[in-house]
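Please read this briefing alongside the sequence and the 3D view. The points are grouped by topic.

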Amino acid sequence: MEVIKTDVAVMGSGVAGMGAAYKLANAGVKVAVFEKYPAQGGAVSNCPMSFCSTPDTPEAQKSAYEVWARFSNYTANLALISKALKYSSELPDLILNKLKIKAPVVIHREPAEYGTQRGYTMGHANGLDVGDIYFLEGRGQGHAFAMALLRLRFMLEKQGVEFYFSTPIKKILREPNGGKVTGAIAYKKDGTQVRIECKALIVAAGGMTNNIPLMKKLGVLRTKYEEAYQDGGQVLITFPDSCQDGDGHLAVWEIGGKRGGIAISADPQVPNPGVRVGPNTPWLAANQTKIITEQPYLRVNELGRRFINEEMANNHTAISTAIIRNNPNMACYMIFDEDTAKHMSQGVEDGYVYFIFQGVKVENIRGQMDEAIAKGNKHMCHFDTIHEVCEYMGIDEAGLRDTIAKYNHAAEIGYDEQFKTAPKYIRPVREESGHIYCYRILAGGYDTMGGVLIDENANVLDEDNRPIEGLYAAGDMVTGSIYGDPPANAGGNVHGSMPTGLLAGDCAAAYVKGEI
Amino acid sequence: MKIEIADYCIRCGICEDLYPDLFQRNYQEHCMDVLYDKIPEHLWARAKQSAEDCAVAAIRIVE
């Protein structure tokens, strides 16, 4: 059996793993990165066009900490939050200066304002609006973090970091009786085993969105619309064939790591076909479906009941969490009539800016729907009657009619007794308008979050909340420790992944040097 | 004209989405395949544009 000896082994080459390798290399310890994918992995190529950084000032750090701790309802590791925020202050120097990625737009936020914005502050909940937002310039049609990580890899290779692609770690080696971690077992593409001997192991293996059976087994995915979650359905918008299959979670749990809650980092999606140009690139829209389904109009579940203040339509954390945790089949339905379709043709609502530029007009919804339907999309429809919509979409008609009656009454009196939605957004749904439109919106997302819990030194915890010596973790899989356990269904996670990766790298380096 | 894909391609699939007549994801080898050994002349402009659109400059045109 081939043996690879290193000071620290890193499992995964996404945002977190690369952040860890960066710190380890700078600390002068020997690093080997093991990646299951044949190329740099992670969900990053399809996600971050922005990141948030909390400036390293007492005011900013304090305000961010308070917002974040409250957001987690104090179920996070609060000391870890503090450290992660501090590390986030390093991101601009690393990404902009060292990796030479341009940030044409930077939104500086006052610390007193943290936690008050939503929308495109990375799709996170208000609670993660905790710093300056950097919008990055990608190359070609891609997002900037793909290039950032590639440059980081080249930089690290020059520093002597070894990368082993197509070499998944499948098993962690730990001394008996709760001893320290001493290595891991990986497999080469030809199936031969590799024994990794290391002083510390950092697991940064991302989520499990490429493993639907495991997601179902763990209760992360529970829907009859399972086919939409397969590669190309674009409900889970990590790129197809990402190989993110929960290897890291399983390996950690096998040697006694504590099991944390898991959520989908959700961004509400109407599945393909015909919504996006292809199976890989969620940001390249084939039509205006995403714009339409960000609008704050009537949403119901399969029972025909409203389930959220529709003003939260563009707060992906809020609406996705509501859909996932409360709705049958992790689905909701946006319903509007011909009058509202005409209203959108005059321009979308101000302030609903996720993927929307103010002043955008939505033209010919019926034609756009028909085109997607012709390509086989079964998640949208338009009919003359509510009955036909309900029959086609599988919505309880009596429930929906009752909801619409109350909703239309709220429009009449200018007051939404149930959810207090702003009257200007309550647009009645009337068959007399001539037509009824409906989209099925599923709770999709970038990755799964959570499942492995760490302490403030990025040390993986056992069931008794004690650190497992020599074992560290970072990235999407540890979000329960920084956003709260179980994590909310928050959006993209560079804000958490890179800082926890940097932290894990620093702590593992200190450990192998005998400094802690 | 030929298209070469550098080994640092991240398999994000932008090329397949925008140029399905030139690229296809290979699920067995976990890579992107170029559909032609020699690119037909009527696709030269698209091939060059695909190199411009790649997120990590992994697509190279060999004249």
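**Chain B and the model**

In chain B, 55% of the contacts between residues at least 6 apart in sequence join residues at least 24 apart; two residues are in contact if their C-beta atoms, placed from the backbone, lie within 7 Å. This is a predicted model, in which local features need pLDDT of at least 70, side-chain atom pairs count only at pLDDT 80 or more, and totals for chains, interfaces and linings use all residues. Residues are numbered from 1 along each chain as its sequence is written, while chains are lettered from A and ligands numbered from 1 in the order in which they are written.

**Make-up of chain B**

- Chain B has 2 helices and 4 strands, where helices (H or I, at least four residues) and strands (E, at least two) are DSSP runs numbered from the N terminus.
- Along the sequence of chain B, these elements follow the pattern β-α-β-β-α-β.
- Chain B has a radius of gyration of 10 Å, close to the 11 Å that the globule rule gives for 63 residues, so it is as compact as a globular protein of that length.
- The radius of gyration is taken over C-alpha atoms, and the globule rule is 2.2 Å times the number of residues to the power 0.38.
- The C-alpha trace of chain B spans about 30 × 20 × 20 Å along its principal axes.
- Of the 63 residues of chain B, 38% count as buried; a residue is buried if 20 or more other C-beta atoms lie within 10 Å of its own, exposed if 12 or fewer, and partly exposed in between.

**Where the chains meet**

- In the contact between the chains, 25 residues of chain A meet 21 residues of chain B.
- The side of chain A that touches chain B has 12 nonpolar, 11 polar and 2 charged residues.
- For these classes, Ala, Val, Leu, Ile, Met, Phe, Trp, Tyr, Cys and Pro count as nonpolar, Asp, Glu, Lys and Arg as charged, and the others, Gly among them, as polar.

**Domains of chain A**

- Chain A is divided into domain 1 (2–207 + 453–512) and domain 2 (268–444), with bounds that come from an automatic or database domain assignment.
- The C-alpha centres of domain 1 and domain 2 of chain A lie 35 Å apart.

**Helix 1 and helix 15 of chain A**

- The axes of helix 1 (residues 15–26) and helix 15 (residues 494–512) of chain A come within 7 Å and cross at roughly 35°.
- Axes are lines fitted to C-alpha atoms, for helices over the stretch in contact, and angles run from 0 to 180 degrees between N-to-C directions.
- By class, the contact of helix 1 with helix 15 of chain A has 13 nonpolar, 6 polar and 2 charged residues.
- Gly19(A) is found in helix 1 of chain A and is buried, with 32 other C-beta atoms within 10 Å.
- Not counting residues up to four places away in sequence, Gly19(A) touches Met498(A), Gly501(A), Leu502(A) and Gly505(A).

**Helix 7 and strand 9 of chain A**

- The buried residues of helix 7 (residues 247–254) of chain A are Asp247(A), Gly248(A), His249(A), Ala251(A) and Val252(A).
- Among the elements that cover these buried residues is strand 9 (193–203) of chain A.
- Val203(A) lies in strand 9 of chain A and is buried, with 34 other C-beta atoms within 10 Å.
- Not counting residues up to four places away in sequence, Val203(A) touches residues including Gly248(A), Ala251(A) and Val252(A).
- Just after helix 7 of chain A, Gly256(A) takes a positive phi of about 105°.
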